[in-house]
Amino acid sequence: PNLNATIQALRNVTWVLQKQHAAVPGFEPWYAGWQARMKTDPVMRWLVDARNQIVKRGDLETRSTARAVIRSYGAIAVTEFTAPPFVPAEVIAADLAEFGIPPLPEAVRNASILVVERRWLTKDLPDHELLDALAYCYGSLSGIVAEAHERAGFRFTMCDVSQADHPLVPTDHLGGLLPCMVTNREQRTAIISLATGQSLTPYRRRMVL
């Protein structure tokens, strides 16, 4: 249900924008350019078709997969399989590490990690992970809305409402995406040490050269 609601909400953005056309100077030629670009964009075209399918025929046909990689000094083994849609990557990784990995030489096992990435797919957009596609659509529509505001003499920014003073969050470099959408792949990936069975969390460190 959340997937269907997200797709419909994204599709509604353009309809709301068209209703408010009088507030945007030069709306017709400006929006016609955006419409032409969206019609040639396969992911944005999919969004329109997906919304129509949800309204007319019900839920999208989706499938959930897990891609598992054992890494040591390189990628030792890669496999992809269908997984229950609501089982977290961490649970799948833990089960594989305990029951699904064939015997490995001790030195190799001690130097290896298991990486499991969850992916959700739809047959109408087979070359794109579904969450990545939705993030892309959000970013594209966010850019349209931002440009419409600028044409009307306004500018909107993002702020962190979890803090009392609501500090602004710089997002211009994200191409219209929310910060959480940029780390989407990390959020659906689990990493386990085969030597200890412990879950590992990657982190970034800025290096000064």
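**Close-up views of a predicted model**

**View 1. The hairpin of strands S1 and S2.** Seven-bridge pairing is the subject here: strand S1 and strand S2 (residues 75–82) are joined in the antiparallel sense over 7 bridges, in a model that is predicted. The two strands form a hairpin, with 3 residues lying between them. Within this pairing, Val69 has Val78 in S2 as its bridge partner.

**View 2. Strand S3 and its pairing with S1 and S6.** Strand S1 (residues 62–71) and strand S3 (residues 113–122) run antiparallel and are joined by 10 bridges, with Thr62 standing opposite Thr122 in S3. S3 is also joined to strand S6 (residues 189–193), again in an antiparallel arrangement, by 5 bridges, and the bridge partner of Ile113 in S6 is Ser193.

**View 3. The packing of helices H3 and H6.** The axes of H3 and H6 are 10 Å apart, and the two helices pack at an angle of about 100 degrees; because angles of 65 to 115 degrees count as roughly perpendicular, H3 and H6 are therefore described as roughly perpendicular to each other. On the H3 side the contact involves Val43, Met44, Trp46 and Leu47, which meet Leu130, Ala133, Leu134, Tyr136, Cys137, Ser140 and Leu141 in H6. Sorted by class, this contact of H3 with H6 has 10 nonpolar residues, 1 polar residue and no charged residues.

View 4. The largest nonpolar core has 24 residues, of which Ile7, Trp30, Trp46 and Leu47 touch the most other members. Helix H1 (2–19), helix H2 (27–39), helix H3 (42–57) and helix H6 (130–151) each supply at least two residues of this core, and the largest share, 7 residues, comes from H6. Apart from this core lies another, of 15 residues, including Ile92, Ala93, Ala97 and Leu114.

**View 5. The surroundings of Leu47.** When residues up to four places away in sequence are not counted, Leu47 touches Ile7, Leu10, Arg11, Cys137 and Leu141. Of these, Cys137 and Leu141 are also among the H6 residues met by H3.

Technical notes:
Residues are numbered from 1 along each chain as its sequence is written. This is a predicted model: local features need pLDDT of at least 70, side-chain atom pairs count only at pLDDT 80 or more; totals for chains, interfaces and linings use all residues. Side-chain values use heavy atoms; hydrogens and water are left out. Two strands pair if DSSP finds at least two bridges between them. Helices (H or I, at least four residues) and strands (E, at least two) are DSSP runs, numbered from the N terminus. A nonpolar core is a set of buried Ala, Val, Leu, Ile, Met, Phe, Trp, Tyr and Cys residues joined through side-chain atoms within 4.5 Å. Buried means under 20% relative accessible area, exposed over 50%, partly exposed in between (1.4 Å probe, protein chains only). Contact means heavy atoms within 4.5 Å. Axes are lines fitted to C-alpha atoms, for helices over the stretch in contact, and angles run from 0 to 180 degrees between N-to-C directions. Angles under 35 degrees count as roughly parallel, over 145 as roughly antiparallel, 65 to 115 as roughly perpendicular and the rest as oblique. Ala, Val, Leu, Ile, Met, Phe, Trp, Tyr, Cys and Pro count as nonpolar, Asp, Glu, Lys and Arg as charged, and the others, Gly among them, as polar.
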